[in-house]
Amino acid sequence: MSEAKTQAHAVKTECRRYQGRVAIVTGAAQGLGRVIARRLAEEGAEVVVADIQEERVKRTAELLQEETGQRFLGLGGDLSQPGVADEMMARALGEFGRVDTLVNNAAALIRMRLVDFTEELLQQAVDGNVWNTLRCCKAVLPHMIERRYGRIVNIGGEAWRTGFPFHTLLAGVGKGSMVGLTVTLAGEVIDQGITVNCVSPGSIESEADGDPAPVRTSYRDPSWTGPDVMQELAKLVGSRGISMGRLSHPTEVASAVAYFGAPEASFVTGQHIGVSGGMAMI
Ligand SMILES: NC(=O)c1ccc[n+]([C@@H]2O[C@H](COP(=O)([O-])OP(=O)(O)OC[C@H]3O[C@@H](n4cnc5c(N)ncnc54)[C@H](O)[C@@H]3O)[C@@H](O)[C@H]2O)c1
């Protein structure tokens with residue numbers, strides 16, 4: 001494993017806010033989701049990691065269990081499809097008997113101009129950035145409502161409010177609707193002991209996810225974000241007058257997620273926080 005560019009900014013914790021708690025993190029086979037799952041386990045949680053990359057998520061669960069000493073359950077499946085999130089919830093309850101926190105992190109990172117989308121990709125972008133979150137929320141709510149306790153944390157992305165090009169589907173539709181969902185669902189369950197909040201990263205060094213031998217292949221299709229798009233985005237980030245001008249280490253994002261997902265965030269709901277080095281302010 002090579003040293004991450006953002007290693008100097010890695011965040012460590014000595015909190016134990018998740019002792020005896022169970023969390024589900026979606027899209028946790030790799031990247032930010034993997035780091036969030038490890039952070040919650042470091043704080044005492046038992047964790048269900050769910051991902052469309054079945055083999056990889058099982059391997060991640062095994063590695064994180066060894067690393068943290070906490071119990072993990074790795075589940076494969078496309079969460080945008082009917083029934084898959086319900087099955088994930090049933091397996092989580094069968095294994096751990098409760099679910100306290102859901103982190104909706106899974107996303108299809110398709111960055112291109114709207115005019116370049118094929119009909120098929122449009123469908124895939126909406127499926128992978130809207131339906132998975134909706135279905136996961138719907139699957140956990142009956143259990144949370146029954147227990148009168150729950151924490152839902154949605155992973156957004158600053159491009160929904162900074163107008164970055166190439167992000168119409170991923171951020172405009174996916175993350176914009178996620179912010180709307182955060183607020184309206186928070187209102188819907190406000191008297192049922194459940195909070196719903198959203199964390200929006202800026203640009204993350206997703207590869208710094210701690211995997212000792214990262215698998216080369218990924219769910220992301222190389223055609224979704226060409227090298228030209230990445231170059232243009234890097235220029236745009238660099239040209240912003242006010243921003244820390246670097247990528248975030250994923251642990252810097254995970255620490256904000258851990259706060260919203262913990263019992264202590266009991267009076268905070270329907271909120272959005274950017275963890276983006278000042279890319280957008282308030
Ligand atoms: N990488 C960034 O710079 C950045 C910036 C802003 C926001 N974000 C957000 O952070 C989150 C994580 O990003 P990342 O960089 O780690 O991405 P990633 O592509 O490395 O990881 C996403 C994970 O979600 C899984 N996944 C995708 N669709 C799924 C589905 N339908 N069902 C189950 N699993 C599915 C993938 O297999 C993958 O493991 C995403 O919500 C992303 O939009 C990332």
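A: The 7 strands form an open sheet, ordered E3-E2-E1-E4-E5-E6-E7, with parallel pairing. This is a predicted model: local features need pLDDT of at least 70, side-chain atom pairs count only at pLDDT 80 or more, and totals for chains, interfaces and linings use all residues. Residues are numbered from 1 along each chain as its sequence is written, and side-chain values use heavy atoms, leaving out hydrogens and water.

Q: What makes E3 and E7 the edge strands?
A: Strand E3 (72-76) and strand E7 (272-275) each pair on one side only. Strands are DSSP runs of E with at least two residues, helices are runs of H or I with at least four, and both are numbered from the N terminus. From one strand to the next, the twist averages 15°.

Q: How do you know that E5 and E6 pair?
A: Pairing requires that DSSP find at least two bridges between two strands. Strand E5 (residues 150-155) and strand E6 (residues 194-201) have 6 bridges, in the parallel sense. They therefore count as paired.

Q: What makes helix H8 a helix that touches E4, E5, E6 and E7?
A: Contact means heavy atoms within 4.5 Å. Helix H8 (residues 250-261) packs on the sheet and touches these strands; its direction makes about 170° with that of E6. Axes are lines fitted to C-alpha atoms, for helices over the stretch in contact, and angles run from 0 to 180 degrees between N-to-C directions. Helix H2 (residues 54-68) lies across strand E2 (46-51) and E3, at about 175° to E3.

Q: What makes phi of Arg-148 worth a remark?
A: Most residues other than glycine have a negative phi. Phi of Arg-148 is near 55°, a positive value. Arg-148 is found in the loop between helix H4 (119-147) and E5. Ile-282 also has a positive phi, near 55°.
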